[in-house]
Every structure is written in C-alpha cells, then in structure tokens.
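Here is a short briefing to read with the model open beside you.

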Amino acid sequence: MPTNTTTANTMFTYDFMQNAFAAAFAVAVVCGLVGFFLVLRAQTFAGHALSHVGFAGATGAVLIGISPLWGLIVMTLAAGIGMGLLGEKLHQRDVAIGIVLSMSLGLGLLFLNFFTAYATQATTLLFGNILGIDAATVWTLLLLGIAAIAALAAIARPLLFASLQPELAEAKGVSLRLLSVMFLAIVALGVAECVQIVGVLLVFALMVGPAAAAQRFTTRFWNGIALSVALALGEAWLGLVLAFYTDWPTSFWITALSGGIYLVAVLGATLPAGTRDATGQGMSG
Amino acid sequence: MSAIEFAGVTLAFGTRTVLADIDLTIRDNEFVGVLGPNGSGKTTMMRAILGLLPPRRGAIRVLGKPVARGNPAIGYMPQMRSALDQLRLSGWDFVASGVNGHRWGLPLLGSAARREVAWALERVQATDLARRPLAETSGGERQRLLLAQALLGRPRLLLLDEPLISLDPHHQRSVVELTRALQQDLGITVLFSAHELNPLLGALDRVLYLGHRHAALGTVEEVVTGPVLSRLYGSEIDVVRLNGRIFVMSGGHDVERDAHQHDHGEHHVHV
C-alpha cells in the first residue's frame, strides 16, 4: 500500500511530529503506571486536583519568565506533598478541595491576564499542545518520567499492600503517611508531565481512563499494569495519528479514545463472569 | 509462655480512656472471644497488641516480648472495608500483596512466596475462589481470603477483628468453625472479636468481655453472668440461657442483637 506508507513517512518527516511521538511515549508510560495505583487507591480526584493547582504554578512561572513546565512541577509537587501530609484530614472535604481548585484556576487566570500572549498560553495549558513540544522539552519529559518510574518502582510493594489493606500494612510496620506523601509526589510529577500533552483540564483522560479500563479488563496485578501502560500509550499515539490526518486537536482524540475504551470496558464487565475470566491465571499465578 | 500479658494497662485517645488498669493473661494456644458493646475497646485493644497504640500506662507483652509494631509473629485481620466491594483485583493478588508487603521494591513474588500464598489459601479452602475478582466474591468468601492473608508468615497469634460482621448465620458458623480448626491444627492463639456471643459458643476456650473501661476474662460460665456483665455494661443486665444459647438482656432487650443492628462494627479510631 504505497499511499499509506508515503503518508506515514511524511508524518515522521516533521520534527514536531517526531517530538510529539517521543513526548507522548514518555508521558503515557508514566501516566499508565501512576494511574493504575491512583485508581486502585480510589484517589483519582487527587490527580484532577493537582493539575488544577498546577495551572496557577505554570502561569505564574510564565509571568516571571521561567518555563511553565517548571512552575507546574514545583506547584504540583508542593500540593502533592501537602495533600499527603494532610492525609485523612482531606477525606470527605470535597467542598474545601473544590474551593482550593477554583482558587488555583482563578489565580492562574489572573497571572495570565498580566501576560501578553494570553489566549495561546491559556489554551496550551488548559487543553495541551503536544504538537508544540520542542526537542529539549522531550528530553526533560523523558528524564522526569524515568525519575517518577524509578521512585514508583521503589515503593510499589508497600504501596500496593497499603492501598489494599491499610490497617494490616500499618500493623506490619508500613508508614501510611510517608507512603502517601511519596506517592502523591510521584503523582504530581506524572500530572506535570501529563499536562504537557492533554492540558490541565484533561489529565483525567490519560491518567485515569486507561488505568480504570485496564482494571476492568483484567483481574491480575501485572497484567493490569501492562495493560494500563499499553492503553495509555496506544491512546496517546493513536490520538496523534488521528490528529495528523484530521487536523482536529490531539487532546480531543485522546479524550475520545480514552472515553470510548473505558465505555467498552464497563460494558464488557456486565458480561457473565465465566466469559471474562478466561484469562484466568496471570504472571504471578 | 503466655501469648498476651497486660499488666496495669490503660489505653486512651486524647482525653478519652477506653480501657483502664487492665491486668490479664491470655495463654498460648487459646481461642478467646472478645466481646463487649460498641466502643468498649475491642479494636483498640487489638491495635495496642499490634503496637499501633502505645499504652498510656502499664506494659503489654506479646509472646514473651515487649509489644512492638511490625511483629511478624502476629497475624491480623482488620474489619472488612467497604472499598473492597469494588475491587476488580483477583483474590490471589489481594492475598499475595501481604507477602513481605512492608518491604520496599517491586511486588514480585519468588517461588517460596507463591507457595506461601498457595498454602494460606489452601488452609482456608479458598484456592478456587481466589481466581475471581474480589468484587465478585460473597461476604463469607471475602472473609476467608482475609483470613488467608492473616495466615501469611505463619503467625503464632491471630487477631481477628469482627470477622462475622454482615454475614448470615450459616456463614458465621462456617467462619467460626474454620477459625477453630485452624487454631487447633496450627497450635496458635486466636483473639476473635464479635458483637454476639452465640455464634462463638462451642468454639471458644475463654471469653474476654470489655465494657466501661473494664475487662473480664474467663470461661463463659464465669464471665457471662448477670453481676459481671452488669458491671461492664454499667446497667442492670440479665443473662438468659435457652436451648444452649445465651441472651444478654437489659430491661427486656437483647443488647447484643441491638448493638448489631444499630451499627455494623465500631468505627476504627485512627490516631
């Protein structure tokens, strides 16, 4: 099929597309891994909250002339560690969290107001602009991603245990608070990365959607981890390809794919148990 | 050697004293039912034995050593959390998360760890049901998985916090019988807290009744009497024995049954 090959080749002749694919790879792997634990711990709202807080950090950074990515990272990290320290006290505090979120967005808006390239910057931060990522940013995203994954790998075992059985984990000597702070700091890094692709408002699509679908599709831990990463990467890359051919926004395609796959997963889960459990034993069985 | 020793132990949260000046000794290889009204300190006492709540006064010794958090010789089954209802993870992975779960690193299991999980599941007859996601297990099946998890590491002391909550009488009986069989086969000590005494009758060696900051430990005949329970409940209690069952009545109400209906489990108090 010469035509298709030609167009695919054309796609990769553009530097911005190469950068976009590389950035999507770095970010999607982190999102798939972090998201899996976020869903398992029923803390998906934390991911959403951190991205909103990050918006103020990013716009503030633009205002004082540093890269919005670093403003985002500093702000999400601080908020993540803060949330981890508050821990149980944040439970059932939807109103307080909601107010902090809207204040952060409002503050971000104010910072943008002082900045001249208002509209472009706002859209980029809110909805992402993966096609505008340069090679230097790709490297930053890769290194940050490696740091986040290494940290997650270091705490994965107690994190899994504490997510499933907090009281038992505590009795066995796990510090729930330390673990929570460390995990939310990792989530903060993941969110900061994710914002580069889908923006502040759509972090859920790449960080929660694939992980939630994966946990519907498989009941085994390692299969779930692998599927979560594969779905995040597949949705991000396919979203890029579709955006290239349709000229519609990448973020739209990623959210559409994420939502569509989650829907399939939910509908699939209503099938009788027997048909679904054919996968049976996984890697650790 | 005794399994648990309390010497002048006072347990408190802030200004609220839950148990005051408790002296008791639980022997090795005993099945002890822990009973008492809501908030009488059943969970608190278990958390103290686990080293999660330092006593305000007095000393606790567990298996001959001063109490310490993370004691591998203690198996613990916390009250079931409703979050597990939604969990899509398999029972096998759920149980296995407890193998060396406190150590840093990736949750990879070697063959010894897998054998340990298989052994624990087999002990509670949960090998087959562990293939299903937790969300698709019944309350009784889930309790067996939790019990398997508590058995990991072959503990010599097992603390079971309200394993009968929200189970029907048939499943209550099977959980009690299974626990009794495990306790005798493995030669371990079990503390089994419950709202109601009757499901435990016939299985337990002694009963530990908590209430009004006091504790009474002894055989059912010694402890479950009007005078002893009146002191623990702080009100006039009649004990009625009928067809091998025991009813703890206050002014014509069955207080244990009432407690069970009002509140499914005392709430965990985190400090």
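Two strands count as paired if DSSP finds at least two bridges between them. Strands (E, at least two residues) and helices (H or I, at least four residues) are DSSP runs, numbered from the N terminus. This is a predicted model, in which local features need pLDDT of at least 70 and side-chain atom pairs count only at pLDDT 80 or more, while totals for chains, interfaces and linings use all residues. Residues are numbered from 1 along each chain as its sequence is written, and chains are lettered from A and ligands numbered from 1 in the order in which they are written.

**The sheet**
- In chain B, 6 strands form an open sheet with mixed pairing, in the order β6-β7-β8-β3-β9-β10.
- β6 (74-77) and β10 (214-218) of chain B each have a single partner strand, so one side of each lacks a neighbour in the sheet.
- From one strand to the next, the twist averages 15°.
- β6(B) runs parallel to β7 (residues 157-160) of chain B, and 4 bridges join the pair.
- B:Y76 has B:L159 in β7(B) as its bridge partner.

**The helix across it**
- Helix α5 (residues 169-186) of chain B lies across β3 (31-35), β7 and β8 (189-193) of that chain, at about 160° to β8(B).
- Axes are lines fitted to C-alpha atoms, for helices over the stretch in contact, and angles run from 0 to 180 degrees between N-to-C directions.

**A residue in the helix**
- Helix α5 of chain B includes B:Q172.
- B:Q172 is buried (20 or more other C-beta atoms, placed from the backbone, within 10 Å of its own), because it has 21.
- Beyond neighbours within four places in sequence, B:Q172 contacts B:L164, B:L167 and B:P199; contact means C-beta atoms, placed from the backbone, within 7 Å.
- B:Q172 and B:P199 are 27 residues apart in sequence, with their C-alpha atoms 6.7 Å apart.

Technical notes: Contact = placed C-beta atoms within 7 Å. Buried ≥ 20, exposed ≤ 12 C-beta atoms within 10 Å, placed from the backbone.
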